[in-house]
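Please open the model in your viewer and keep the selection panel at hand.

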Amino acid sequence: EGMWTALVLGGTSALLRLVTSSLSRRRELLVAAILFGGGRSAKAVTSTHLPILALLLLTAWRRWYTPDLARTTVVAVLIFSLLALLPYITAYSLTGNPVFPFFNAYFKSPLYPAENFEPPAMFDRGFRFGTLYDMTFHSGRFLEGTAGASGFQWLLLIVPGVVALVVFRRWRVLLVTSICLGWLALTFWQTANLRYVFPSFALSGLVIAVTVSLCRGLGRPIWRFSLGVVLLTLILNLIHFSAATWHGYINPVVMLNERS
């Protein structure tokens with residue numbers, strides 16, 4: 001998930017620069033194609049992230065698209081498609097089923113029974129008004145873990161942060177926030193698994209950083225209060241550091257131990 005998240009965030013950063021800057025548009029388009037192709041090759045769930053960014057490109061097409069970019073756009077689509085198809089080409093060459101073991105009743109690979117593989121439905125689906133609350137206090141519905149597995153920043157920092165961004169009209173950061181929450185919503189309509197929304201977790205850090213920086217200009221009492229909320233969030237997250245696993249206890253002290 002770490003490498004996949006880096007690929008998705010790198011591609012997203014390139015697309016955001018594409019629609020907000022007039023410099024190096026060809027480069028940003030090609031970089032985005034390579035990174036998202038790699039992300040799609042690493043995890044099929046990348047497909048649930050792409051519609052949000054495609055909508056961004058379509059609605060802001062006048063800000064980035066020019067006739068001289070037509071050839072680069074075609075090349076970018078071809079690069080993305082080639083990289084995204086690599087796992088399926090490999091699977092077909094090794095098993096005779098490009099989506100092995102799915103749909104094997106049709107492809108009939110000898111390496112798996114001639115039936116369609118169905119993964120167990122372990123988690124809920126859908127994105128609702130109370131999803132962020134459930135992620136925090138009922139994390140077992142979204143991951144093989146216990147309460148607090150998603151971290152407490154969603155309720156303590158992200159929700160107030162969105163309100164602050166609206167009040168102060170930080171539209172660019174609100175765009176990033178929309179991408180972050182859009183990824184959550186679309187992915188959860190498929191499978192509400194926290195491992196599939198790692199990029200949203202990383203992107204939410206930007207919302208937190210901008211919100212805290214806004215508080216600094218609102219006077220010392222609000223600045224200190226915001227730092228207190230951040231500290232409280234860090235403490236709660238450290239207390240629940242092992243909540244995201246059923247497999248054992250993770251001792252954070254080893255990160256500070258030279259012998260480890």
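Begin by selecting Glu1, which is partly exposed at a relative accessible area of 30%; here buried means under 20% relative accessible area, exposed over 50%, and partly exposed in between, with a 1.4 Å probe and protein chains only. The model is a predicted one, in which local features need pLDDT of at least 70 and side-chain atom pairs count only at pLDDT 80 or more, while totals for chains, interfaces and linings use all residues. Residues are numbered from 1 along each chain as its sequence is written, and side-chain values use heavy atoms, with hydrogens and water left out.

**First stop: Glu1 and Arg195**

The term denotes a side-chain nitrogen of Lys or Arg within 4 Å of a carboxyl oxygen of Asp or Glu. Arg195 sits in the loop between helix H9 (171-190) and helix H10 (198-216), and Glu1 in the segment before helix H1 (2-20), so the pair ties together parts that are 194 residues apart in sequence. Helices are DSSP runs (H or I, at least four residues), numbered from the N terminus. Arg195 is partly exposed, at 27% relative accessibility. Now include Lys43, which is linked with Glu1 and Arg195 in a network of salt bridges.

**Second stop: two further pairs**

The whole structure contains 6 salt bridges. Select Arg26 and Asp68 for one of them, where the closest N and O atoms are 3.2 Å apart. This pair links distant parts of the chain, 42 residues apart: Arg26 belongs to helix H2 (residues 25-42), and Asp68 to the loop between helix H4 (61-64) and helix H5 (70-95). Arg26 is partly exposed at 41%, as is Asp68 at 45%.

Next, select Asp134 and Arg141, whose side chains meet in a salt bridge at 3.7 Å, N to O. Which of these residues is buried, and which is partly exposed? Asp134 is buried, with a relative accessible area of 19%, whereas Arg141 is partly exposed at 38%.

**Last stop: helices H8 and H11**

Finally, display helix H8 (residues 153-167) with helix H11 (residues 220-239): their axes come within 9 Å and cross at roughly 150°. Axes are lines fitted to C-alpha atoms, for helices over the stretch in contact, and angles run from 0 to 180 degrees between N-to-C directions. To inspect the contact (heavy atoms within 4.5 Å), select Gln153, Leu156 and Leu157 in H8, which meet H11 residues including Val229, Leu232 and Leu236.

How values were computed
Helix = DSSP H or I, 4+ residues; strand = E, 2+ residues; numbered from the N terminus.
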